[in-house]
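Thanks, everyone, for making the time.

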Amino acid sequence: TEAHVSAMEAARDLNSFIVETPEKALESAGEADTRRGKGEARPLEGLPLAIKDLFCTKDVQTTAGSRILEDFAPPYESTVTTNLWNDGALMLGKTNLDEFAMGSSNMTSYYGGVENPWKRKGDNRKLVPGGSSGGSATAVAARLALGATGTDTGGSIRQPAAFTGITGMKPTYGRCSRWGIVAFASSLDQAGPMARSVRDCSILLKSMCGHDPKDSTSVNMPVPDFEAALTGDVRGLKVGIPREYRLDGMSEELDRLWQQGIDWLKDAGAEIHDISLPHTQYALPTYYIIAPAEASSNLARYDGVRYGQRGEGYDNLEQMYEATRGAGFGDEVKRRILIGTYVLSAGYYDAYYNKARQVRTLIAQDFTRAYEQVDVILTPTAPSAAFAMGDKMDDPVAMYLNDVFTVPASLAGLPGISLPAGLSSDGLPLGLQLLGRPFDEETVLRSAGVLE
Ligand code: GLN
């Protein structure tokens, strides 16, 4: 813990943390030593973790990357972090993120962008770590934390993991409780681990998930011993390669990386199958209707009355709301609220929101059909390596295109992992993604273990 605390201090330029809690971390580390001494160590005893600042942490500032929650210190702790602390882990601090987890670059945070610790060969420009869990990804990649928590609504664990050369897993929707996680799009939000290896992710995931009566979408199913699934044996495993993910204009090196992944699995005894997920092309537009719709509803609670900051200069209630939300939210959040309220409005509800819900079902059915044939699906995680800070910022659609490989599984609620699989020609990490059947994280992890 001391080593990580010093590393955090030395790496403040990366802006990975919004809040650092070194005193508490060192105190907990001392307690962990005592427990160890008594032979009472719990599974994660003394492991220093970074927590995405979307998880409510009792009495510790929880901003969601937004100005509107700048002074908010929740009086309660999220279920996922409670589970981690109960198993002995300790918190180094709260990591930076895109505001309310809306983004793919970590550039929409009110607390400034996070810098990816990687640099392109021969190019000194600062790169984004991806988003929205970019602070967590950087903390792990730069060795500021042993592991971190992330949340993934449309790729926010997997894409930053790919951009920073680490491993990140989004479990099946319902595995982790959403209680105490600041809500973005409730039918999609899911917590998961970000760490240096598949094994570390398995260990953290086991602690993070489990049934919670406080979240009605949390499933009441036994939590498997995910680490035990890492047998290294994928003989006879059926791996699907979805043809619709072979995008026009996909870079040759990404194609090569994907083929490399296929070859590694084949060499280990897996069977490779061509599969079709015919509605893939509709996933992005569907996601960018459903996620903003839910966000616009979830964010209605920030009204200057119950949470966080209140704006200034108003004469009546309506003006107070306007002043609060006008000053409290950044551009991307406002854009999402506008899209969300538009697609939910009486005149457009059927044309957009209901249509998107129907297409979402078709996308989920594509996967159900595919999993009659195969056990896991292998794809690239993101269409490119990390891009320069500031790029794509004036073009929201170009930014949204980053999520093309990650959102389909989010819409279908499936488990997915991203792991580092190679480097681009200019020396940046590239990730491969494995997707599994609902609640079959074990097969996903086992396959990932072989690709590592
Ligand atoms: N990039 C996607 C978005 O902006 C996903 C974000 C996430 O998973 N939290 O909505």
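Let me begin with G422, which sits in strand 10, the stretch covering residues 416–423. Please keep in mind throughout that what you see is a predicted model. Is G422 buried, exposed or partly exposed? It counts as partly exposed, because it has 17 C-beta neighbours inside 10 Å, and 20 or more would be needed to call it buried. If we set aside the neighbours within four places in sequence, G422 is in contact with L257, Q260 and L430. As for E252, it is 170 residues away from G422 in sequence, while the C-alpha to C-alpha separation in space is 13 Å.

Turning to the helices, helix 8 runs over residues 283–298, and its 16 residues reach 22 Å from the first C-alpha to the last, close to the 22 Å expected at 1.5 Å a residue. Helix 8 is also mostly covered, with 13 of its 16 residues buried.

Next, helix 6, residues 198–208, packs with helix 14, residues 441–451, at an angle of about 160 degrees, and their axes are 9 Å apart. The two are therefore roughly antiparallel, since the angle is over 145 degrees. On the helix 6 side the contact is made by V198, S202 and L205, and on the helix 14 side by E441, L445, A448 and G449. By class, the residues of this contact divide into 4 nonpolar, 2 polar and 1 charged.

Finally, the ligand: of the 13 residues around it, A101, S104, T153, G154 and S156 come nearest. That shell comprises 4 nonpolar, 7 polar and 2 charged residues.

Conventions:
Residues are numbered from 1 along each chain as its sequence is written. This is a predicted model: local features need pLDDT of at least 70, side-chain atom pairs count only at pLDDT 80 or more; totals for chains, interfaces and linings use all residues. A residue is near a molecule or strand if its C-beta atom, placed from the backbone, lies within 6 Å of it. Ala, Val, Leu, Ile, Met, Phe, Trp, Tyr, Cys and Pro count as nonpolar, Asp, Glu, Lys and Arg as charged, and the others, Gly among them, as polar. Helices (H or I, at least four residues) and strands (E, at least two) are DSSP runs, numbered from the N terminus. The expected span of a helix is 1.5 Å times one less than its number of residues. A residue is buried if 20 or more other C-beta atoms lie within 10 Å of its own, exposed if 12 or fewer, and partly exposed in between; C-beta atoms are placed from the backbone. Axes are lines fitted to C-alpha atoms, for helices over the stretch in contact, and angles run from 0 to 180 degrees between N-to-C directions. Angles under 35 degrees count as roughly parallel, over 145 as roughly antiparallel, 65 to 115 as roughly perpendicular and the rest as oblique. Two residues are in contact if their C-beta atoms, placed from the backbone, lie within 7 Å.
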